[in-house]
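Have the sequence and the 3D view open while you read.

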Amino acid sequence: MFSKAITTTTQRTVVSSLLKQSKCLFTTSSKKNNFDGLYEKHKKIADVPMKTEEVMKAISENTLFTWNPSATAAASSIVMERGEGVYFFDKQGKKYIDFNSQAMCSNLGHTVPQEVIDAVDKQLKTVAYAYPCGLVTEVKAKLSLLMADLMPGDLNHFYYVSGGAEANETAMRMARLKTGRHKILARYRSYHGATLGAMGLTGDPRRWGSEPGASGIVHFMDPFPYTFSWGSTEEEICQKSLQYLREVISYEGGKNIAAIFLEPVTGTNGILKPPAGYLEGVRQICDQHGILMVCDEVMNGFGRTGTMFGFEQANNVIPDIVTMAKGINGAFIPLGAVACRDHVAAHFQKSPIGIGSTYNSHPVTLASAYAALQYFLRTDVLGNVHRMEPILQSLMEDLKKRHPTVKTFRSLGLFGTVELQKNSRGEPFVEFNGPAHPAMAQLKNDMISNGLYTLVRFSSFFTNPPLIINEKELRQGFEILDKCLTNLDKHFEK
Ligand SMILES: Cc1ncc(COP(=O)(O)O)c(C=O)c1O
């Protein structure tokens with residue numbers, strides 16, 4: 001149970017005035033490194049809950065945000081006070097249903113399973129940190145055995161990092177070292193992470209701010225570009241987009257290409273399941289040219305799409321390298337991983353990967369993953385995704401029937417998006433990377449004020465709840481969406 005710290009009025013008054021105190025008391029140049037009284041100040045602050053305004057003041061004055069200007073981002077942020085199941089609460093006790101699992105990562109919801117708490121606690125009390133060059137831990141061995149059992153084929157070898165971008169950086173490096181080639185192909189409708197190489201792989205406009213970036217990356221279009229179409233049937237789309245990929249490879253030179261990176265089911269760029277035969281076709285093309293197929297499972301992995309991994313939506317496709325993060329441990333502690341097949345691992349048995357971060361194989365986060373994955377299996381989270389999948393699908397269908405602003409929707413597993421239109425010609429409220437539209441901002445505000453949190457991007461929003469959601473909660477989320485869309489429908493031009 002969550003319990004609020006009991007605070008006396010005097011304690012509160014003292015803390016309020018401490019929070020207003022100038023930093024210069026401790027760090028003026030004349031008193032450099034004189035921290036007298038600093039511990040006492042922060043001990044008092046630490047013991048008393050902050051008010052929302054105090055949190056927001058410190059956040060806007062002392063932190064920076066990512067994709068949006070920091071001032072705007074700070075002003076629109078919710079102070080998250082606690083989480084429980086598929087919900088989280090702000091400081092005023094307002095409850096939000098989490099319809100995006102935060103960054104499609106809180107797959108086990110916001111209540112940390114007791115076995116994860118116990119495993120982390122035990123790890124902290126035994127080996128809290130081990131230098132990964134020369135020191136190994138039992139938890140690393142056990143997690144790797146479990147991971148090898150979860151992954152199909154000979155994806156038996158694991159390298160642990162701190163998140164998805166670092167997993168992709170490592171995979172790029174491994175592919176280049178293994179093949180001795182430099183070029184890498186990645187798709188336009190993709191996101192692969194925020195570090196230099198992962199940003200280079202990223203095809204969507206989030207890459208632009210990092211350019212000029214990593215060298216040797218060539219982008220190509222996937223089967224579902226934004227406006228361009230490869231054809232009218234799934235078969236034609238698949239065949240033409242593979243033919244085009246072959247042509248790109250002939251321009252770049254197959255013998256120069258180390259790897260093709262792709263999200264098996266595209267995530268933030270639109271929840272796009274590839275047409276039947278596409279992943280199989282990419283696998284075949286890779287085999288023909290000795291190119292490594294790298295699947296970015298950072299978002300797909302661990303049940304999101306209804307299969308354990310997104311590439312398992314295809315028939316018998318085993319990528320050479322798989323990158324993972326997020327769902328690997330429900331995002332309770334930062335963790336990413338790279339899996340590779342025997343033939344890739346064989347290369348690195350004889351030759352170093354040649355990079356390594358301090359937090360590679362951090363035992364505490366590995367313990368969280370080992371326990372979280374056991375919880376995933378014990379409580380049959382994948383079975384829950386299978387049970388909820390048709391319900392999500394039918395709730396989406398209902399939304400489309402009821403609201404003229406719903407243009408289309410896509411979902412598989414518990415991975416979904418709804419695309420919105422402003423008129424009967426099917427035009428979006430916001431074009432791809434286009435200027436904001438007040439109706440979309442209003443939609444986002446309506447969601448928040450009605451207690452639903454999700455990602456709204458361009459002219460769409462996402463339905464990616466924690467994988468532990470039940471039918472009642474799913475229906476409750478859609479009731480809120482229905483209400484918000486009724487407001488949005490007022491902007492529909494016939
Ligand atoms: C498909 C995909 N790859 C990579 C990443 C980057 O992962 P991280 O933010 O953990 O670095 C993300 C993050 O959203 C992602 O969705």
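A crossing of two helices is called left-handed if the near helix is turned anticlockwise from the far one by less than a right angle, and right-handed if clockwise. What you're looking at is a predicted model, so local features need pLDDT of at least 70 and side-chain atom pairs count only at pLDDT 80 or more, while totals for chains, interfaces and linings use all residues. Residues are numbered from 1 along each chain as its sequence is written. Helices (H or I, at least four residues) and strands (E, at least two) are DSSP runs, numbered from the N terminus.

**Helix α7 against helix α14**

- Helix α7 (residues 114–126) and helix α14 (residues 363–378) cross in the right-handed sense.
- They pack at an angle of about 155 degrees, with their axes 8 Å apart; axes are lines fitted to C-alpha atoms, for helices over the stretch in contact, and angles run from 0 to 180 degrees between N-to-C directions.
- That makes α7 and α14 roughly antiparallel to each other (angles under 35 degrees count as roughly parallel, over 145 as roughly antiparallel, 65 to 115 as roughly perpendicular and the rest as oblique).
- On the α7 side, the contact is made by E115, V116, A119, V120, Q123 and L124; the α14 side brings in residues including P363, V364, A367 and Y375. Two residues are in contact if their C-beta atoms, placed from the backbone, lie within 7 Å.
- Sorted by type, the contact residues are 11 nonpolar, 3 polar and 1 charged. Here Ala, Val, Leu, Ile, Met, Phe, Trp, Tyr, Cys and Pro count as nonpolar, Asp, Glu, Lys and Arg as charged, and the others, Gly among them, as polar.

**Helix α16 against helix α17**

- Helix α16 (residues 438–449) packs on helix α17 (residues 471–489) at about 150 degrees, with the axes 9 Å apart.
- α16 and α17 are therefore roughly antiparallel to each other, and their crossing is right-handed.
- A439, Q442, L443, D446 and M447 of α16 meet I480, C484, N487 and L488 of α17.
- That contact splits into 6 nonpolar, 2 polar and 1 charged.

**The sheet with β1 and β13 at its edges**

- Four strands make an open sheet in the order β1-β2-β3-β13, with mixed pairing; two strands pair if DSSP finds at least two bridges between them.
- The edge strands, each pairing on one side only, are β1 (80–84) and β13 (452–453).
- β1 and β2 run antiparallel, joined by 4 bridges, and R82 has F89 in β2 as its bridge partner.
- These two strands form a hairpin with 2 residues between them, and G85 in the turn has a positive phi of about 60 degrees.
- Strand β2 (residues 87–90) is also joined to strand β3 (residues 95–98), antiparallel, through 3 bridges; F88 is partnered by Y96 of β3.

**The sheet with β11 and β14 at its edges**

- Another open sheet of 4 strands runs β11-β12-β15-β14, with antiparallel pairing.
- β11 (406–412) and β14 (456–457) are the edge strands, each pairing on one side only.
- β11 pairs antiparallel with strand β12 (residues 415–420) over 6 bridges, and L412 has F415 in β12 as its bridge partner.

**Around the ligand**

- Of the 16 residues around the ligand, G163, G164, A165, G193 and V298 come nearest (a residue is near a molecule or strand if its C-beta atom, placed from the backbone, lies within 6 Å of it).
- Helix α9 (residues 164–179) gives the most to this shell, with 3 residues.
- By type, the shell divides into 7 nonpolar, 7 polar and 2 charged.
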